[in-house]
Each structure stands twice: as structure tokens, then as C-alpha cells.
Amino acid sequence: MDALGKLYSSTTIVTVNAWGKMNGCAVAWITRVSLEPPMIAVSIGKQRYTHELMSLTDHFGVCIMLPDARKTISIFGSKTGRYYNKFDGIDYKLSDNDVPILPGSLAFIECKTRGKLDAGDHTIFVGEVIHQKVLKDSKPLLYGEGRML
Ligand SMILES: Cc1cc2nc3c(=O)[nH]c(=O)nc-3n(C[C@H](O)[C@H](O)[C@H](O)COP(=O)(O)O)c2cc1C
């Protein structure tokens, strides 16, 4: 394990709804970047279907996942929505802006995209937080050392 693996974060699922095309993908490379206005940054691989959809719309959601949500995280983190409907059989809800909120979330953050930064094989999407809600008073499932902890 290299030193980068020692950067721990919450395990999240970033969700998107681009004109009716919905998707989500597990994301561990996520952080707060501004207090005022509140902003976060998420790093999305350029090959991901989520990347394609996030480039078509200016809203995205972040579901911060509970420790017992590993099954949902593995669905959203191993299959691609390009060929597979990850929402099939999942009891999701939609936010006021139609962004999916997944079961197993302890908190939901909704963002308006304010900028994009090219970062090697990923793009960093910077979002201003326009809505946030704690759904369950719990600690998140952590990600570090290349795995869910
Ligand atoms: C725990 C976990 C964390 C992940 N973190 C990221 C991440 O930060 N950024 C990213 O682009 N992909 C990440 N991935 C990989 C994507 O979730 C995965 O490739 C997904 O299937 C892409 O789906 P899509 O093609 O439908 O967008 C992670 C996967 C797992 C299981």
C-alpha cells in the first residue's frame, strides 16, 4: 500500500439525472472545498457513464453511505449504467430537482455544478451545495487503503 492509500474518505454514491437518463456511481474521491458558499469537489473517471451524464446537466447528488450499504455500493461501483439499469429493484426517491436519493444513505447533498477541472484520467466536478439533509445520525462507511473499511 502506498502513501496515497492513507487518504481516507467517506464512501459515497454520486447520482445524476440528465434529462431523464439516470445513473449513479460509487465515489470515494470526494472532499469539501469551500465554506462560503459551501462547495464540494468530486473526481469522476473520464470513461464512466456518470461522467458523460454529468457533462450533460448542471446538477448532481451525493449520497453518503451507511456502513451496512455495501451491497448497494458494489452495484453502483462495479457495473456501468451505460449497459445496465442500476436502479432496477432499488427503492430510490427523487429530490426536488429529480436527482436520485438512494436507500442506505445517511445524508444527501445536492449540488449545482460550478466548474470542471481536467485531472489526468479523471475530471474534478466542483459543485455548490444547494440542498443538504442528514437522514440518519450515523457515521459513514469509510474508504481507505484501496477498500471499504
Ligand atoms: C468503493 C468505490 C469507490 C469508487 N470511487 C470512485 C471515484 O472516486 N471516482 C470514480 O470515477 N470511480 C470510482 N469508483 C469506480 C466507479 O464507481 C465504477 O467504475 C462504476 O461502475 C462506474 O459506473 P458508471 O460507468 O455507470 O458511471 C469507485 C468504486 C468503488 C467500489
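Strand β11 (residues 142-144) and β12 run antiparallel and are joined by two bridges. This is a predicted model, in which local features need pLDDT of at least 70 and side-chain atom pairs count only at pLDDT 80 or more, while totals for chains, interfaces and linings use all residues. Residues are numbered from 1 along each chain as its sequence is written, and side-chain values use heavy atoms, with hydrogens and water left out. Strands (E, at least two residues) and helices (H or I, at least four) are DSSP runs numbered from the N terminus; two strands pair if DSSP finds at least two bridges between them.

**Sheet pairing**

- Y143 has M148 in β12 as its bridge partner.
- An open sheet of three strands has the order β1-β11-β12, with antiparallel pairing. Its edge strands, each pairing on one side only, are β1 (9-10) and β12 (147-148).
- Seven bridges pair β6 with β9 in the antiparallel sense; M65 has S105 in β9 as its bridge partner.
- β9 is also joined to β10 by 12 bridges, and these two strands run antiparallel. K116 has F125 in β10 as its bridge partner.
- Two residues lie between β9 and β10 in their hairpin, and G120 in the turn has a positive phi of about 60°.

**Nonpolar cores**

- A nonpolar core is a set of buried Ala, Val, Leu, Ile, Met, Phe, Trp, Tyr and Cys residues joined through side-chain atoms within 4.5 Å. Buried means under 20% relative accessible area, exposed over 50%, and partly exposed in between (1.4 Å probe, protein chains only).
- The largest nonpolar core has 21 residues, and V42, M54, F60 and V62 have the most contacts inside it. Elements giving two or more residues to this core include β2 (12-18), β5 (39-45), α1 (49-54) and β6 (59-65). β9 gives the most, with four residues.
- V62 is in contact (heavy atoms within 4.5 Å) with T12, I13, V14, I30, I40, V42, A107, F108 and I109, leaving aside its neighbours within four places in sequence.
- A second, separate core has 13 residues, among them M65, I73, I90 and L141.

**C111**

- C111 lies in strand β9 and is buried, with a relative accessible area of 0%.
- Leaving aside neighbours within four places in sequence, the contacts of C111 are I40, D58, H59, F60, G127, E128, V129 and I130.
- C111 and M39 are 72 residues apart in sequence, and their C-alpha atoms are 8.0 Å apart in space.

**Backbone features**

- Most residues other than glycine have a negative phi, and most peptide bonds are trans.
- The peptide bond from E36 to P37 is cis, with omega near 0°. P37 is in the loop between β4 (30-34) and β5.
- D98, in the loop between β7 (93-94) and β8 (100-101), has a positive phi near 65°. D98 is partly exposed, at 40% relative accessible area.
- E145, in the loop between β11 and β12, has a positive phi near 55°. E145 is partly exposed, at 21% relative accessibility.

**Largest pocket**

- A pocket is an open set of points on a 1 Å grid over the protein atoms alone, where a 1.4 Å probe fits, with protein on both sides within 12 Å along at least five of seven lines; lining residues have an atom within 4 Å of a point.
- The lining of the largest pocket has 27 residues, and C25, A26, V27, R48 and G77 lie nearest the pocket centre.
- α2 gives the largest share of this lining, five residues.
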